[in-house]
Amino acid sequence: MKILIVDDEKLARDRLRQLVGALAPEHEIFEAANGREALFAVNDAHPDLVLMDIRMPVMDGLESAMHLSHLDDPPAVIFTTAFDQHAVAAFEVNAVDYLLKPIRRDRLATALAKVSTVTTQQLRRVKEEPDMGAPRSHVSVQLRGQITVIPVNEVIYFMAENKYVKVRTAAERHYIEDSLVSLEEEFRDQFLRVHRNATVSIAHIRGMARSDAGRWHLRLKDTEEMLEVSRRHTAAVRDWIRG
Amino acid sequence: MIAVLRKRQLLRFKGAAIVTHVVAVSVTFAIASALVANRLLDGNLARTTAIFVLAALALAAVTYLPLRAMYRLLQRQPLLVAAPAALLVAGTAAYLAAWLTIALRPSLAVAVGKSLSPGPHGPALEVAAITVLAYAVVIQIAVSTRRERMARQMNLGNRLKALQARIRPHFFFNTLNSVASLIRSDPEAAEKAVEDLADLFRVVIRADRRLVTLAEELEIARQYISIEKLRLGDRLRVAWHASADALSARVPSLTLQPLLENAVYHGIEPSMTGGTITVDCSCEDGRLQVLVTNPVPRLRRAPNSGNQVALKNIRERLIRQFGGDVRINIRDTRERFNISIDAPLIEARASK
């Protein structure tokens, strides 16, 4: 079995590596220092099991597990936490496995023995708990069994195209299945709706310009593209730029 | 007689109802019989006593039944409404019962005593008045005992919560995890960590009104930081500055360490690269100035609600500890988060 250990603290990773090595030396062990690195590691190594810490910088364990759950064949995830009342409550509600740090050898043995792929629905539901409903730090795309993550603060805009939403960063375009409305709601502090089919990152707005035809367009950072502002949203966008 | 009634207290009839009634009615008749001690019916003590007892039971029943019927209604009202309502009901019932009795048996009127007006009204009113008085006494006793009990429970609850907050589970369990890891790879570091942790907890567990020197506080803070460095490594850096006169100033125990803990939790942990926390202690114009700052990592979320709660607790704790003459200033810029304490300078007593 391939096991991925995810924790921002080296001592914690060392201990788990030690424990797993003592229990079952035949397992191959990989390490990652946060939720985002964990996704890259999953892409590269395809582990069967991920031992995921909750509290980590860049991307926490809950969000990482949620992204993983969108894979066709996600690894099993067991969370580890020193003490987190909210997380533990959520886990118990959703029957998701968790281990409390410092992890006991016998508890780890039991968990390893009964590793089964955790229902993807359970993992998705854990992230949607009301207490943890903060906006994601990354959006993820699944391509040929690989997860790609895009940091939300690199996104210039989300634009609806046919049944998908285009995610535009400085260098890339990706397509995700989320609806524009749900993205607008989730990222309402960072993004501004400018059109029926587009919502723009506030940090990437450089200014507004009027075309000859009298329509307003947004000038953006990191791209030459200009986004059209619909008549309905013009007043709101102008107010926002002034204020 | 009825002390200031707090707004949201409820009057409960459950269980105490019967006792209340028996006591109220007994008191009523004790008073009444004291008044009529020299007015035996037909000069016969036994007969008078018998009639009094029967009347007492009858009055108890008469006042109990309507109150019981109104129990659900009264139970939900605040005390300020329920108590007068109960007194009114009991008084009215007693009046009606007494009025009826005396109207039917006028000879009983003399047992209640002389009254200003002829007929049943006067004596009935007296009976009602005594009943209301007796009930008022009982309600007062019930309310004050209940208030005492609630205060004791709340006090216990608060103390438990305070103790739990002092243990700081996040730090505690993470440290134990680090120590468990170090036992094999670096046993000496593990041993030192356990000793530092014990020292820190010795301070945490004690009652917190003790005054210690700032130098001692800084030592505890340094031990705390060296424990946290085990798991955070180079991500955690601290710059310490303390003037010589500040070192001898006296502050309540555990002033500094919780500020550092907050700085680590919100300023260092959420960042992969970490940063530097600064601690500055100085004296100015006879006041002690303590300033703790930490970096503000680029948070992707809105202001952390957990931090607001932690800051509120820190502020309240410091105000409680310093006893009022302290100014706490929290300044949150985009680059750094600053907490400053401005407190009276209490010098250490003459050294030995």
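Author: Axes here are lines fitted to C-alpha atoms, for helices over the stretch in contact, and angles run from 0 to 180 degrees between N-to-C directions. This is a predicted model, where local features need pLDDT of at least 70, side-chain atom pairs count only at pLDDT 80 or more, and totals for chains, interfaces and linings use all residues. Residues are numbered from 1 along each chain as its sequence is written, with chains lettered from A and ligands numbered from 1 in the order in which they are written.

Reader: Why are helix 8 of chain B and helix 9 of chain B called oblique to each other?

Author: Their axes come within 9 Å and cross at roughly 140°. Angles under 35 degrees count as roughly parallel, over 145 as roughly antiparallel, 65 to 115 as roughly perpendicular and the rest as oblique. Helix 8 of chain B and helix 9 of chain B are therefore oblique.

Reader: And what makes helix 7 of chain B and helix 8 of chain B roughly antiparallel?

Author: The axes of helix 7 (residues 169–185) of chain B and helix 8 (residues 187–205) of chain B cross at roughly 155° and come within 7 Å. With over 145 degrees as the cut-off, this pair is therefore roughly antiparallel. The contact includes Leu182(B) of helix 7 of chain B and Ala193(B) of helix 8 of chain B; two residues are in contact if their C-beta atoms, placed from the backbone, lie within 7 Å.

Reader: Which classes of residue make the contact of helix 7 of chain B with helix 8 of chain B?

Author: Nine are nonpolar, two polar and none charged. Ala, Val, Leu, Ile, Met, Phe, Trp, Tyr, Cys and Pro count as nonpolar, Asp, Glu, Lys and Arg as charged, and the others, Gly among them, as polar.

Reader: Where in chain B is confidence lowest, and where highest?

Author: On pLDDT, the predictor's confidence in each residue from 0 to 100, helix 5 (residues 109–112) of chain B is lowest at a mean of 59, and strand 2 (residues 236–242) of chain B highest at 96. Over residues 1–11 of chain B the pLDDT is below 50. Where pLDDT is low, the predicted coordinates should not be read in detail.

Reader: How many residues of chain A are in contact with chain B?

Author: 20 residues of chain A are in contact with 22 of chain B. The chain A side has 10 nonpolar, four polar and six charged residues. For the complex, the predictor gives an ipTM of 0.74 and a pTM of 0.67.

Technical notes: Helix = DSSP H or I, 4+ residues; strand = E, 2+ residues; numbered from the N terminus.
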